Amino acid sequence: MKKHNFYAGPSILSEYTIKNTADAVLNFADTGLSLLEISHRSKEFTAVIEEAKTLVKELLEVPAGYDVLFLGGGASMQFCMVPYNLLNRKAAYLETGTWAVNAIKEAKLFGEVDVVASSKEANFSYIPKGYTIPDDVDYFHFTSNNTIYGTEMRFDPDVNVPLVADMSSDIFSRPIDVSKYNVIYAGAQKNLAPAGVTIVIVKEDALGHVDRAIPTMLDYRTHIKKGSMFNTPPCLPIYSALQTLKYYKEMGGIKEMEKRDLEKAAILYDAIDSSKIFVGTAAHEDRSIMNVCFVMKEEYKDLESEFIEFASSQGMVGIKGHRSVGGFRASIYNAMPKSSVEALVATMKEFEKKH
Ligand code: PLP
């Protein structure tokens with residue numbers, strides 16, 4: 001039976017990415033060697049990382065003065081690298097979920113942190129609005145997509161200070177005005193590649209302004225200077241990332257991905273909104289087009305585990321909600337085909353008919 005992969009991450013990747021990665025594991029760039037056993041300094045691999053960097057710049061229209069890095073350590077490492085490199089005295093953070101909470105915790109080790117707003121009191125079911133950002137902060141940090149709670153900021157906020165964003169779960173799902181940012185970072189394991197690489201877009205002028213010493217590996221300048229090759233980079237995820245980037249380009253670029261993502265999300269949200277038994281958990285205006293969170297209405301609550309069972313019998317994988325929200329979460333990243341979203345909707349409708 002066909003499986004429909006709704007995992008939140010690591011998650012679905014395009015067939016193009018998986019097939020080309022598998023081929024390279026067997027024979028990388030006609031070298032007769034596996035991608036797994038080739039030197040990162042070989043001319044074949046150097047070409048991969050260079051092309052990946054160029055494609056990120058092209059697809060996201062990254063302006064001059066920015067570099068693109070491929071680092072290890074996950075997005076969680078960026079929670080500390082960002083303040084290490086950028087927070088001299090004070091930074092503003094928006095608290096919109098677990099990942100933002102983790103980022104705030106790390107930033108507090110480096111200076112004053114002004115949490116300008118939080119939706120914690122409502123279990124992060126909406127994006128706070130109407131907050132003010134002090135003029136004297138080094139940057140404003142936000143999480144563009146809250147993977148666990150299914151809320152998203154699909155815009156680049158207009159504020160008076162440079163932005164920093166964790167875009168781990170929605171990068172490449174909309175065009176970005178990169179010029180507003182000092183740093184954009186994203187763990188690869190949603191819209192880009194298998195786990196193991198983190199993409200960081202950094203404004204070079206923003207570096208070198210903190211008073212502290214920075215350990216070599218945690219200093220963005222180290223990786224800029226060495227083209228992400230200061231130490232051995234995660235070669236396989238970077239190769240896969242390149243395949244995904246090529247796929248996006250072939251599909252028509254990021255605007256096209258956004259169009260498809262909006263269409264898929266609308267299909268699922270329409271089904272939820274017109275349902276007798278399901279209800280969405282996120283505020284309508286802040287709903288994520290990547291992670292769709294929903295539960296059963298109060299009077300049907302005891303059917304939740306039965307639905308999970310029924311859905312898995314229909315080939316749906318990974319739709320159980322995160323424990324902090326409960327219910328269901330369908331992650332419908334860029335690589336998710338519309339037909340899988342339609343299959344989930346059909347499953348929901350069929351289940352509803354029975355009850
Ligand atoms: N930020 C967001 C928005 C995430 O969804 C995740 C993981 O799911 C992380 C950060 C943590 O990423 P990593 O596991 O790569 O450290």
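**Figure 1. Helices H3 and H4 pack against each other in this predicted model.** The axes of helix H3 (residues 74–86) and helix H4 (residues 98–107) come within 8 Å and cross at roughly 40 degrees. Axes are lines fitted to C-alpha atoms, for helices over the stretch in contact, and angles run from 0 to 180 degrees between N-to-C directions. H3 is therefore oblique to H4; angles under 35 degrees count as roughly parallel, over 145 as roughly antiparallel, 65 to 115 as roughly perpendicular and the rest as oblique. On the H3 side, Ser76, Phe79, Cys80 and Pro83 make the contact (heavy atoms within 4.5 Å). On the H4 side, the residues are Trp99, Asn102, Ala103, Glu106 and Ala107. Helices and strands are DSSP runs numbered from the N terminus, with at least four residues (H or I) for a helix and at least two (E) for a strand.

The model is predicted, with residues numbered from 1 along each chain as its sequence is written; local features need pLDDT of at least 70, and side-chain atom pairs count only at pLDDT 80 or more. Totals for chains, interfaces and linings use all residues, and side-chain values use heavy atoms, with hydrogens and water left out.

**Figure 2. Helix H9 has its buried residues along one face.** H9 (residues 338–354) has 17 residues and reaches 25 Å from its first C-alpha to its last. The expected length is 24 Å, taken as 1.5 Å times one less than the number of residues. Its buried residues are Ser340, Val341, Leu344, Val345, Thr347, Met348, Phe351 and Glu352. Seen down the axis of H9, these residues fall within an arc of 155 degrees, so they line one face of the helix; the arc is that of the directions from the helix axis to the C-beta atoms. The face turned away from the buried side carries the exposed residues Lys353 and Lys354. Buried means under 20% relative accessible area, exposed over 50%, and partly exposed in between (1.4 Å probe, protein chains only).

**Figure 3. Helix H8 crosses H9.** The axes of H8 (residues 304–313) and H9 come within 10 Å and cross at roughly 130 degrees, which makes H8 oblique to H9. This crossing, too, is right-handed. Glu306, Phe307, Phe310 and Ala311 in H8 meet Thr347, Met348, Glu350, Phe351 and Lys354 in H9.

Figure 4. Most residues other than glycine have a negative phi, and most peptide bonds are trans. Glu61 is exposed, at 64% relative accessible area, whereas Ser228 is buried, at 4%.

**Figure 5. Lys57 sits in helix H2.** Lys57 is partly exposed, at 29% relative accessibility. Leaving aside neighbours within four places in sequence, Lys57 is in contact with Val62, Tyr66, Asp67 and Val68. The C-alpha atoms of Lys57 and Val178 are separated by 9.9 Å, although the two residues are 121 residues apart along the chain.

Technical notes:
A crossing is left-handed if the near helix is turned anticlockwise from the far one by less than a right angle, and right-handed if clockwise.
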